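Open the model in your viewer and keep the selection panel at hand. The tour goes from the whole chain to single side chains.

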Amino acid sequence: MKVEFLHTLCAVIRRGTFAAAAEEVHVTPGAVSQHIKYLEQHFGQLLFDRSARRAHPTPFALELAQTVQGTLDALESLRTRDETDVSGRTRLGTIDTVQATLLPGALKWLRDQYPKLDVELARGRSDHLLGELNAGTLDAAVVVRP
């Protein structure tokens with residue numbers, strides 16, 4: 001069973017018609033009908049009374065939707081959350097001209113985006129900074145190439 005079929009079920013219950021649910025879940029009304037038919041076959045029970053213009057959910061459909069809604073919400077939350085948690089210490093080497101011009105704005109942006117990141121600065125000439133980078137004493141360096 002596809003999770004999207006359960007989303008469709010909940011959308012039909014919320015919106016009242018297959019056409020309105022189709023707009024919500026971004027599929028055609030025919031696809032909504034297929035999703036519901038699949039769920040009905042899977043559970044062996046009718047989910048909607050289709051005799052009127054509106055789709056009237058059966059008691060089982062309401063029970064199923066109530067059972068899965070919390071899980072669907074949790075899955076959506078996991079899918080959409082931004083878990084970029086950058087933290088720790090990094091050593092950045094820069095040449096003098098960068099420290100006076102570009103570095104203040106870049107550090108402000110880093111602190112705003114990643115407040116748990118501690119940036120330790122080292123100044124030096126390009127050849128010296130490249131040596132420290134190669135030796136592993138710096139994590140990154142902004143240099144000029146001769």
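What share of the contacts in the chain with a separation of 6 or more comes from residues 24 or more positions apart? The share is 59%, where contact means heavy atoms within 4.5 Å.

Before selecting anything, note that this is a predicted model, in which local features need pLDDT of at least 70 and side-chain atom pairs count only at pLDDT 80 or more, while totals for chains, interfaces and linings use all residues. Residues are numbered from 1 along each chain as its sequence is written, and side-chain values use heavy atoms, with hydrogens and water left out.

**Whole chain**

Show the C-alpha trace. Along its principal axes it spans about 80 × 25 × 25 Å. The radius of gyration is 28 Å, whereas a compact globule of 146 residues would have one near 15 Å. That radius is taken over C-alpha atoms, and the globule rule is 2.2 Å times the number of residues to the power 0.38.

The chain exposes about 9800 Å², and carbon and sulfur atoms supply 53% of it. Accessible areas come from the Shrake-Rupley method with a 1.4 Å probe; for residues, only the protein chains shown count as cover. Buried residues make up 30% of the 146. Buried means under 20% relative accessible area, exposed over 50%, and partly exposed in between.

**Helix H2**

Select residues 18-25, helix H2. Its buried residues are Phe 18, Ala 20, Ala 21 and Ala 22. They pack against helix H1 (3-15), helix H3 (29-43) and strand E1 (48-49). Step on to His 26, which follows H2 and has a positive phi, near 60 degrees.

**A nonpolar patch**

Select Val 3, Leu 75 and Leu 78. They form a nonpolar patch on the surface, with about 250 Å² of accessible area together. Patches take residues with over 30% relative accessible area and no salt bridge; like charges are joined within 9 Å, nonpolar side chains (Val, Leu, Ile, Met, Phe, Trp, Tyr) within 5 Å. Leu 75 sits in helix H4 (residues 59-80) and is partly exposed, at 41% relative accessible area.

**Salt bridges**

Side chains of opposite charge can pair when their charged atoms come close. A salt bridge here is a side-chain nitrogen of Lys or Arg within 4 Å of a carboxyl oxygen of Asp or Glu. The count is 10.

Start with Glu 132 and Arg 91, whose closest N and O atoms are 3.8 Å apart. Glu 132 is in helix H7 (residues 126-135) and Arg 91 in strand E3 (residues 88-94), 41 residues apart. Glu 132 is buried, at 17% relative accessibility. Arg 91 is partly exposed, at 26%.

Next, pick Arg 123 and Asp 96: their closest N and O atoms are 3.0 Å apart. Arg 123 lies in strand E4 (residues 117-123) and Asp 96 in helix H5 (residues 96-100), so the pair ties together parts 27 residues apart in sequence. Arg 123 is exposed at 55%; Asp 96 is partly exposed at 45%.

Then go to helix H6 (residues 103-113), which holds both Lys 108 and Asp 112, four residues apart, about one turn of the helix. Their side chains meet in a salt bridge of 2.9 Å, N to O. Lys 108 is exposed, at 51% relative accessibility.

Finish by selecting Arg 89, Arg 91, Asp 118, Glu 120 and Glu 132. Salt bridges that share partners join these residues into one network.

Key: Helix = DSSP H or I, 4+ residues; strand = E, 2+ residues; numbered from the N terminus. Buried < 20%, exposed > 50% of the residue type's maximum accessible area, 1.4 Å probe, protein only.
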